[in-house]
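Could you walk me through this protein model, from its overall layout down to a few individual residues?

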Amino acid sequence: MPYYDALETRSQDEREADQLVSLRAQLSRAAKCPAGAALQGVALASLAELSSLPIMRKSALVAGQQAQPPFGGVAASNVAQIFQSPGPIYEPGGLGYDWWRLGRFLYASGIGAADIVQNCFSYHLVPAGMMFDNAARAVGATVVPAGTGQTELQVRAAADIGTTAYAGTPDFLKVILDKAAEMGVALKLAKAVVGGGALFPSLRQEYADRGITCRQCYATADLGNIAYESAAMEGMILDEGVIVEIVRPGTGDPVPLGEVGEVVVTTLNPDYPLIRFATGDLSALMPGQSPCGRTNLRIRGWMGRADQTTKIKGMFVRPEQVADFVARHAEVTRARVIADRDGEMDVMTVQVETRASNPALYEGSVLDVLKLKGRVELVPPGSLPNDGKVIEDRRSYG
């Protein structure tokens, strides 16, 4: 079978209809718990109306969990494990087939029942080890629960057992391969599935030169799999168990197709319903569908962080303040705050996309919203870079 299941080749209309049914059920579950009070009585007629609901940010989740441990009043069921991620943030782990939905990623990477997967993600406190363990079992592979570190033991185990696939962070595989070469040990590794860090093209090529096909996914402890690569190697295909929006940083407003913005995810896992959860990551939706035949939308992959909060002249400037400035002027399409230095002093420039020609029109709003004086520079609509940044810090800290 070329695909993990029939969900991957649905028409987009069919997918959205199914997602709407699941979303309504999720809203019903979430609204019954303290953290979902704002969702009570919400009835969505279409997926497009999802953008009208409030964003949930990690900072709010941390605060909620401190007030109502362990999950901050978010509905959670089928809780077999509790994990801790930096923050700290606590996440549930559930029992069940492919609970984090990473089996879909492993299947698309060619891993199956004939493979032995050396799982080098941590099993300690964080969920990554269990996420990939669960995924390997879903595709019928055998797992070596190796965890992190102990490179010589990793090499010995991979050689003795005949490991065929690696799961872990992108760079640790190189450490294992280099140690194996140093020890004069031949390994049978031919596949690698990675996450938790950037897979640089040069590193991917190095693995290819060593006969290892390496693919990456985009997943988080809270949400499970969000997107993954396939053999087509054109962007990352969205997982079937989530609804992904790309919004303008500092807001919950979706951006046009192709524009870079913050990744906001609604999970359809009934055991842990997170509605419009802001990841803090930047990406962009791609047009069309993957040549591999999977029909879901694609993103361009991880493109940086959306939380661009910057201190200028001793004052914090936040993305939501920039969004507030844009909202005050109907003729303004986008704005960008630039922090720089003039000698030993901070200076701020606000670039404003508008057809207006008088910068003085916006100086009062800049001071009112950003609480700082700055130079206003007017630029034509569509001229600011498509990189998701609304605050750019050009100061050197070297």
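Here is a short tour of the predicted model, going from the domains to selected strands, helices and residues.

Let's begin with the overall division. The protein splits into domain 1, covering 12-305, and domain 2, covering 310-393. Taken over C-alpha atoms, the centres of domain 1 and domain 2 lie 34 Å apart. Where the two parts meet, 9 residues of domain 1 are in contact with 8 residues of domain 2.

The size of an interface is often expressed as the accessible area lost when the parts come together. Here domain 1 and domain 2 bury about 650 Å² between them, and 59% of that is on carbon and sulfur atoms. On the domain 1 side, Pro249, Gly250 and Val260 supply 53% of the area buried against domain 2, more than any other three residues. As for polar links, 2 residue pairs are in polar contact between domain 1 and domain 2, both at pLDDT 80 or more, while the count of salt bridges between these domains is 0.

## Thr309, between two strands

Thr309 sits in the loop that runs between β14 (298-299) and β15 (310-312).

Which residues does Thr309 touch, leaving aside its neighbours within four places in sequence? They are Phe316, Val317, Arg318 and Pro319. The side chain of Thr309 also makes a polar contact of 2.9 Å with the side chain of Asp307. Cys214, by comparison, is 95 residues from Thr309 in sequence, and their C-alpha atoms are 34 Å apart in space.

## The hairpin of β1 and β2

Strand β1 (residues 79-85) pairs with strand β2 (residues 89-94) in the antiparallel sense, over 6 bridges. Within this pairing, Gln81 stands opposite Gly93 of β2. The hairpin has 3 residues between the strands, and Gly87 takes a positive phi near 150° there.

Ile89 also gives a handy reference point for Gln66: the two are 23 residues apart along the chain, with 9.3 Å between their C-alpha atoms. Gln66 belongs to helix α2 (residues 58-67). Is Gln66 buried or exposed? At 60% relative accessibility, Gln66 counts as exposed, because the cut-off for that class is over 50%.

Helix α4 (residues 128-138) is mostly covered, with 8 of its 11 residues buried. The buried residues of α4 are Gly129, Met131, Phe132, Asp133, Asn134, Ala135, Ala136 and Ala138. After α4 comes Gly140, which has a positive phi near 85°.

Strand β8 (residues 224-228) is largely enclosed by the rest of the structure, because 5 of its 5 residues are buried. Strand β7 (residues 213-220) pairs with β8 in the antiparallel sense over 4 bridges, and these two strands form a hairpin with 3 residues between them. In that pairing, Asn225 of β8 is the bridge partner of Ala219. β8 is also joined to strand β9 (residues 236-238) by 2 bridges, again running antiparallel, and Ile237 in β9 is the bridge partner of Tyr228.

Terms used:
Residues numbered from 1 in each chain as written. Predicted model: local features only at pLDDT ≥ 70, side-chain atom pairs only at ≥ 80, totals over all residues. Heavy atoms only, no water. Contact = heavy atoms within 4.5 Å. Polar contact = N/O pair within 3.5 Å; in protein donor to acceptor, adjacent residues only side chain to side chain. Pairing = 2+ DSSP bridges. Buried < 20%, exposed > 50% of the residue type's maximum accessible area, 1.4 Å probe, protein only. Domains from an automatic or database assignment. Buried area = accessible area lost by both parts, 1.4 Å probe. Salt bridge = Lys/Arg side-chain N within 4 Å of Asp/Glu carboxyl O.
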